[in-house]
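Here's a quick briefing to read alongside the model.

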Amino acid sequence: MNFENNLAFAQDLDQHDSLGKMRNEYLFPQHNGKPFIYLCGNSLGLQPKVAKQVLNTQLDNWQNLAVEGWFDGNSPWMFYHKELKKLMAPIVGAKDIEVCPMNTLTVNLHLLMVSFYQPKAKKYKIIMEGGAFPSDQYAIESQIRFHGFDPADAIIEVKPREGEYILRTEDILNTIKDNADEIALVLFGGINYFTGQWFDMPAITKAGHDIGAIVGFDLAHAAGNVPLKLHNWDVDFACWCSYKYQNAGPGGISGIFVHEKHFTNEKLHRFAGWWGYKEAQRFKMEKGFVPEVGADGWQVSCTQVMPMALYHASLQLFEKAGFIEALRAKSITLTSYLFYIINQDNKELGEEQFKIITPDKVEDRGAQVSIIAKANGKQIFDALVANNVLGDWREPNVIRLSPVPMYNSFEDVFRTGELLLKISQSL
Ligand SMILES: *Cc1c(COP(=O)(O)O)cnc(C)c1O
């Protein structure tokens, strides 16, 4: 598409955007008496207007049914997760039985590593992306120590080459091959939180399996953002949070994926709890853990009804939007427009004031564009916020802007570029 750097062009794109109305389903934070241009959905997605109502329904159920809410009412809590599973599965490309909402993300990462990181004397290493989100680094380090190994030796990080920001797929695949005999687990992010790079998940999965390793993904920045085909890609396990691109509220419930090929493997360790017990016999309260078949068998504690209600509210809007494919088409145009606008700013300024570190190939990125300002980065970021554009700042020097197809417009992108230029000219 031939983009133009003017308001009329951006508004015209909005008028032809079939998802443009979805924006009205969300609540925007206000600043200076106006709504923010909200470009921070990669960190905390906006509140769906319907969230209060869906949550209130469950508060009413609690009020009116109390303990009987587990089995009575329109949608008994005992089976509530099944309604969510149906809506979660298309988001990550899984069968219903392979996904389940539970706990929070880092907790699930631990629970899944308990099952899927089973190091042997010689094959004990974990390969991950350099510069992974800190929680993942800490979780992996502590799991390695728990098994009696040394993180300094047992973690292999794939890093960008000198002077580069993003990882080359060939470097990831070669590192896997070069350490074939030692790697027990390949554990990558789907999309890196800092650069916005979407890794080649099918290629990484295949390379991991070729050396006899298990392959898992942390999809915090990928689920609800880009189309995923976890089942078909043969990914072993994955987990994600629901509060970034999936708009389920701060600390929202997490989701897990376990490929169905693992359901019959009785050798997998689990940190079990009563809610993962065979559903039909759970209340017999018998000794000896027998897991429910499917991802549900990884549940530990009873259903977190309120956080689930918030996730449910949000997932219904994904269904209304046509799930990921339609959102993805818009997302590609939105980020491409943001790339164009930022480069126009650079032209206008006569230098590369804003360096984009997110991959420019659309298939290597989702909805996030990370930029490094040549000078005055933090000042520029603060001025954006003061003028109603809310992205986020990541130390040491990155401004992340995420135009989210669910609720951002082309006008948002245009106005952000206009403001970036104005701020830079005034510094
Ligand atoms: C956001 C994020 C987390 C956060 O984990 P919580 O347990 O939900 O606090 C973890 N890992 C990655 C990769 C993230 O992007």
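How many bridges join β6 to strand β12, and in which sense do the two run? Four bridges join them, and the strands run antiparallel. A heads-up before the rest: this is a predicted model, where local features need pLDDT of at least 70, side-chain atom pairs count only at pLDDT 80 or more, and totals for chains, interfaces and linings use all residues. Residues are numbered from 1 along each chain as its sequence is written, and side-chain values use heavy atoms, with hydrogens and water left out.

**The seven-stranded sheet**

- Seven strands make an open sheet with mixed pairing, in the order β6-β12-β11-β10-β9-β7-β8. Strands (E, at least two residues) and helices (H or I, at least four) are DSSP runs numbered from the N terminus, and two strands pair if DSSP finds at least two bridges between them.
- At the edges sit β6 (99-102) and β8 (155-158), each pairing on one side only.
- From one strand to the next, the twist averages 20 degrees. Axes here are lines fitted to C-alpha atoms, for helices over the stretch in contact, and angles run from 0 to 180 degrees between N-to-C directions.

- Helix α4 (residues 105-116) lies across β6, β9 (183-189), β10 (214-218), β11 (237-241) and β12. Its direction is at about 170 degrees to β11. Contact means heavy atoms within 4.5 Å.
- Helix α8 (residues 201-210) lies across β9 and β10, at about 150 degrees to β10.

**The ligand site**

- Around the ligand you'll find Leu105, Thr106, Phe133, Asp136, Asp218, Ala220, His221, Tyr243 and Lys244. A residue makes that list if one of its heavy atoms lies within 4 Å.
- By class, that shell has four nonpolar, two polar and three charged residues. Ala, Val, Leu, Ile, Met, Phe, Trp, Tyr, Cys and Pro count as nonpolar, Asp, Glu, Lys and Arg as charged, and the others, Gly among them, as polar.
- A polar contact is a pair of N or O atoms within 3.5 Å.
- A nitrogen atom of the ligand is 3.1 Å from a side-chain N or O atom of Asp218.
- Taken alone the ligand exposes 390 Å², and the protein buries 83% of that; the areas use the Shrake-Rupley method with a 1.4 Å probe.

**The four-stranded sheet**

- The order is β13-β14-β17-β16, in an open sheet with antiparallel pairing.
- β13 (354-356) and β16 (392-394) stand at the edges with a single partner strand each, so one side of each has no neighbour in the sheet.
- The twist averages 35 degrees from one strand to the next.
- Three bridges pair β13 with β14 (residues 369-373), and Lys355 stands opposite Ile372 in β14.
- Helix α11 (residues 323-349) lies across β13, β14 and β17 (398-401), at about 150 degrees to β13.

- Most residues other than glycine have a negative phi, and most peptide bonds are trans.
- Asp234 isn't a glycine, yet has a positive phi of about 70 degrees; Asp234 is in the loop between α9 (230-233) and β11.
- Glu395 and Pro396 are joined by a cis peptide bond, with omega about 0 degrees. Pro396 is in the loop between β16 and β17.

Technical notes: Polar contact = N/O pair within 3.5 Å; in protein donor to acceptor, adjacent residues only side chain to side chain.
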